[in-house]
Amino acid sequence: MIEWFTWLQVGVAVLAGLLCLALGFARRPPDDLSMGATLVVEVLLVVQLVVAIVAPAVGNPPTGSLLEFYVYLVSALILAPIAGFWALVERNRWSMVILGVACLAVAVMVYRMGQIWVVQVA
Amino acid sequence: MLANTSSRAVGVGRVLILVYGILALAATGRSVFQIIDRLAEAPLAFSLSGLSAIVYIVATIALLLPGRVWYRIAWLTIGFELLGVLVVGTVSVVSPAALGLTSVNPFGRDSTVWSAYGLGYLLIPLVLPILGMAWLRRRSPAAAPEAG
């Protein structure tokens, strides 16, 4: 895991989440901006998956459980597309809030993934 | 699609269902990992973790699907969650040893969604059942007739 990339990813997901929530509470239906922001969050997760696969092989193993790490990563990877689909089933401001909540949840999950890889609090 | 089949999966209810789904995912992921990795450390706490995960999954499905039967199941599962978070939350704070836990750290390696009233999950496990019940009351099949 690359630490600065993980923090960048958390930051992007939080910004995307807050943007979607703000647009949602402004009663806006989903548009290219909000769907695009969610897409960026998903693409960064795919990059994180590639990093996670490569990192242990190049001398950067996790300090915590790799299984637990992947439970979070795979959950996050499936969450964003499900929320995107769920947002488009009924297009209104609540679709936006759905995208926002999903992005914030991804942010929390990536943060936890970073903890599992880098620091052990237990 | 699913969204048009239930009077509960509309508007703000869809946000509620998503949050339930995320909590179901979080509880399932965590409990499956805990049970695979270290069930022997705290069997009771991890079994409760697994039970909460199953109940969250059923509650999510019950909110999604139409009809009076699912409406009743939604009430039962959401009521069970509120009971669970209150009882297990209280026990985890007052007497963590009763759950086989050494401490009440809500972010620790052996915490469950219900530990310390769900503090490790931003208290969402405590607030969500109340919001869920409020939504179910507004969306009762009698108040909003639906097919099935």
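**Interface of chain A and chain B**

In this predicted model, 25 residues of chain A are in contact with 19 residues of chain B. The area buried between chain A and chain B is about 1,800 Å², and carbon and sulfur atoms give 76% of that area. A:Trp86, A:Glu90 and A:Trp94 supply 33% of the area that chain A buries against chain B, more than any other three residues.

The rule finds 1 salt bridge between chain A and chain B, and 4 residue pairs in polar contact. Two elements of chain A give two or more residues to the side that touches chain B: helix H3 (66–89) and helix H4 (93–118). H3(A) gives the most to that side, with 12 residues. By residue class, the side of chain A that touches chain B divides into 18 nonpolar, 4 polar and 3 charged residues.

**Helix H2 of chain A**

Helix H2 of chain A runs over residues 32–54 and has 23 residues. From its first C-alpha to its last, H2(A) reaches 32 Å, close to the 33 Å expected at 1.5 Å a residue. Buried residues in H2(A) include A:Ala37, A:Val41, A:Leu44, A:Leu45 and A:Val51. A:Ser34, A:Thr38, A:Glu42 and A:Gln48 are also among the buried residues of this helix. What covers the buried residues of H2(A) includes helix H1 (3–25), H3 and H4 of chain A.

**Salt bridges**

Over all chains the count comes to 4 salt bridges.

| Residue | Partner | N to O distance |
|---|---|---|
| B:Arg14 | A:Glu90 | 3.5 Å |
| A:Arg28 | A:Asp31 | 3.2 Å |
| A:Arg112 | A:Glu68 | 3.6 Å |
| B:Arg38 | B:Asp37 | 3.2 Å |

The salt bridge between B:Arg14 and A:Glu90 joins residues of chain B and chain A. A:Glu90 is also one of the three residues that together supply 33% of the area chain A buries against chain B.

In the pair of A:Arg28 and A:Asp31, A:Asp31 is partly exposed, with a relative accessible area of 22%. A:Arg28 counts as partly exposed as well, at 38% relative accessibility.

In the pair of B:Asp37 and B:Arg38, B:Asp37 has a relative accessible area of 41% and is partly exposed. B:Arg38 has a relative accessibility of 10%, so B:Arg38 counts as buried.

**A:Arg112 and its surroundings**

Which residue meets A:Arg112 in a salt bridge? The partner is A:Glu68, at 3.6 Å from N to O. This pair links distant parts of the chain, with A:Arg112 in helix H4 and A:Glu68 in helix H3 of chain A, 44 residues apart.

Are A:Arg112 and A:Glu68 buried or exposed? A:Arg112 counts as buried because its relative accessibility is 16%, under the 20% cut-off. A:Glu68 counts as buried too, at 14%.

The side chain of A:Arg112 makes a polar contact with the side chain of A:Tyr72, at 3.3 Å. A polar contact at 2.8 Å joins the side chains of A:Arg112 and A:Gln115. Leaving out residues up to four places away in sequence, A:Arg112 touches A:Glu68, A:Tyr72 and, in chain B, B:Arg30.

How values were computed
Residues numbered from 1 in each chain as written. Chains lettered and ligands numbered in written order. Predicted model: local features only at pLDDT ≥ 70, side-chain atom pairs only at ≥ 80, totals over all residues. Heavy atoms only, no water. Contact = heavy atoms within 4.5 Å. Buried area = accessible area lost by both parts, 1.4 Å probe. Salt bridge = Lys/Arg side-chain N within 4 Å of Asp/Glu carboxyl O. Polar contact = N/O pair within 3.5 Å; in protein donor to acceptor, adjacent residues only side chain to side chain. Helix = DSSP H or I, 4+ residues; strand = E, 2+ residues; numbered from the N terminus. Nonpolar A, V, L, I, M, F, W, Y, C, P; charged D, E, K, R; others polar. Expected span 1.5 Å × (residues − 1). Buried < 20%, exposed > 50% of the residue type's maximum accessible area, 1.4 Å probe, protein only.
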